[in-house]
Amino acid sequence: MLRIAVPNKGSLSEPAIELLAEAGYRTRRRGRELVLTDAVNDVELFFLRPRDIAVYVGSGSIHAGITGRDLLLDSATRAVEHRALGFARSTFRFAAPIGWIGDLREIAGKRVGASYDHLVRSYLESKGIEAEVVHLDGAVESSVRLGVADLIADVVETGSTLRAAGLEVFGDPILESEAVLITREELRDDPALATLDRRLQGVQVARSYVIVDFNVREQDLEKTIAIAPGFDSPTISPLLDSEWRAVRVMVEVEGINLVLDRLHEAGARGIIVTELKASRL
C-alpha cells in the first residue's frame, strides 16, 4: 500500500488535498483523523506537519509526500523532488536595513536571521560566503530591530512587511519555491508511485488546458491550425458539407479568449470550449 504524506495545515494543505481529490483519491475525513485509508486506490494518506513531511519521506517510513521545495531543501534528508505541482509559490530573498547592504559579498561575517537556516547556510556556502545563520521560528523580520540578527533571509511576497520593518531586499533570489511531490531516489520507478505521478500530471494538464471544437472551411484550415495546433496534433474530421472540416484541439487556458478571437477572424465558426476534468497524456 502506497503511503502518501499530506500537509495538515498552512497554505499547502487545502490545495494539496484538492489536487489529490481531483486525481481520484479519497481525501474526505470524518473529523481530524491523521491517517486515511483509500482501499480502492490502495493508498494511505498521512496528514502531517508540512515541515515534517520531507523527514518522514527521507527516512523511508512514507513513500511520497507533498510539501514545499523550501521545506524539502531545508530538511537535508534523502528525499528528492519528483514533480513540481505549480501552487503555493514563494520567493526567498535576503533583506537588510535600507541602504545598508547592496551586494551579496557584504553578508560575510554578519548574522543572518532565518527560519530555514539549513537552506540559507547551504546557499551561502555555495557562494563561498562565511556568515552566522541564526535560527528563528517566526517573526524573522523583527530580528534586526531586536538586535538578534544583522539581516534576514525570508519569504518575500509584496515586500510590505519588510518595508514596515525598515528592511529592503537585495541580491538575487535565494530560491523560487512551490509545492512539490517528493519521494526517494530508489522509488522513482515504483509502479505505485508512477500511478500517483501520472494522475497528478493529468490533473495539472486538465487545469491548464481546455478542449476547443470548431468548424472551418477547407481553404481556411491551415490558418486556424497555425493559431491552435493542439497539444500534439489537431483532430480533423470531414463534415457532410465536403467544403467544411470539424477540428478539435487542446488549447492553454491562459489567453484562451485571444485565441478564440483569432480563430474567428481566420474563418472558424461554431467555436465551443469545454473544460477538462482529467487527462492522461
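Phenylalanine 214 counts as buried, because its relative accessibility is 1%. The structure in which this residue sits is a predicted model.

- Phenylalanine 214 belongs to strand 12, which spans residues 209–217.
- Leaving aside neighbours within four places in sequence, phenylalanine 214 is in contact with Thr224, Arg245, Ala246, Val247, Val249, Leu263, Ala268, Arg269, Gly270 and Ile271.
- One of these contacts, alanine 268, is 54 residues away from phenylalanine 214 along the chain, yet the two C-alpha atoms are separated by 6.1 Å.
- An unreviewed UniProt entry places the feature "domain: Histidine biosynthesis HisG C-terminal" at residues 206–277.

**Helix 1 and its packing against helix 6**

- Helix 1 covers residues 13–22, and its buried residues are Ser13, Ala16, Leu19 and Leu20.
- In general, an α-helix has 3.6 residues a turn, so residues three or four places apart point the same way.
- The cover over the buried residues of helix 1 includes strand 1 (2–7), strand 3 (43–48), strand 4 (64–68) and helix 6.
- Helix 1 and helix 6 pack at an angle of about 100°, and their axes are 9 Å apart.
- With that angle, helix 1 is roughly perpendicular to helix 6.
- Helix 1 contributes Glu18, Leu19, Leu20 and Glu22 to the contact, while helix 6 contributes Leu196, Leu200, Val203 and Arg207.
- By class, the contact of helix 1 with helix 6 has 5 nonpolar residues, 3 charged residues and no polar residues.
- Glycine 24 follows helix 1 and has a positive phi, near 100°.

**Aspartate 197 in helix 6**

- Aspartate 197 is located in helix 6, which runs over residues 191–208.
- Aspartate 197 counts as buried because its relative accessibility is 13%, and the cut-off for buried is under 20%.
- Not counting residues up to four places away in sequence, aspartate 197 touches His82, Arg83 and Leu181.

**Helix 4 and its surroundings**

- Helix 4 comprises residues 117–126, and its buried residues are Asp117, Leu119, Val120, Tyr123 and Leu124.
- Seen down the axis of helix 4, these buried residues fall within an arc of 160°, so they line one face of the helix.
- On the other side of helix 4, Glu125 and Ser126 are exposed.
- Among the elements that cover the buried residues of helix 4 are helix 3 (69–75), strand 6 (90–97), strand 7 (111–114), strand 8 (132–135), strand 9 (151–156) and strand 10 (167–177).
- Just after helix 4, glycine 128 takes a positive phi of about 70°.

**Alanine 95 in strand 6**

- Alanine 95 is found in strand 6, one of the elements covering the buried residues of helix 4.
- Alanine 95 is buried, because its relative accessible area is 1%.
- The contacts of alanine 95, not counting residues up to four places away in sequence, are Leu151, Ile152, Leu162, Leu167, Glu168, Val169 and Phe170.
- The C-alpha atoms of alanine 95 and valine 155 are separated by 10.0 Å, with the two residues 60 places apart along the chain.

- Most residues other than glycine have a negative phi.
- Alanine 76 has a positive phi of about 55° although it is not a glycine.
- Alanine 76 lies in the loop between helix 3 and strand 5 (79–84).
- With a relative accessible area of 52%, alanine 76 is exposed, as the cut-off for exposed is over 50%.
- Alanine 88, also a residue other than glycine, has a positive phi near 55°.
- The loop between strand 5 and strand 6 holds alanine 88.
- Alanine 88 is partly exposed, with a relative accessible area of 31%.

Note on methods
Residues are numbered from 1 along each chain as its sequence is written. This is a predicted model: local features need pLDDT of at least 70, side-chain atom pairs count only at pLDDT 80 or more; totals for chains, interfaces and linings use all residues. Side-chain values use heavy atoms; hydrogens and water are left out. UniProt positions are given in the numbering used here, feature names are shortened, and annotations may be inferred rather than shown by experiment. Helices (H or I, at least four residues) and strands (E, at least two) are DSSP runs, numbered from the N terminus. Buried means under 20% relative accessible area, exposed over 50%, partly exposed in between (1.4 Å probe, protein chains only). Contact means heavy atoms within 4.5 Å. The arc is that of the directions from the helix axis to the C-beta atoms. Axes are lines fitted to C-alpha atoms, for helices over the stretch in contact, and angles run from 0 to 180 degrees between N-to-C directions. Angles under 35 degrees count as roughly parallel, over 145 as roughly antiparallel, 65 to 115 as roughly perpendicular and the rest as oblique. Ala, Val, Leu, Ile, Met, Phe, Trp, Tyr, Cys and Pro count as nonpolar, Asp, Glu, Lys and Arg as charged, and the others, Gly among them, as polar.
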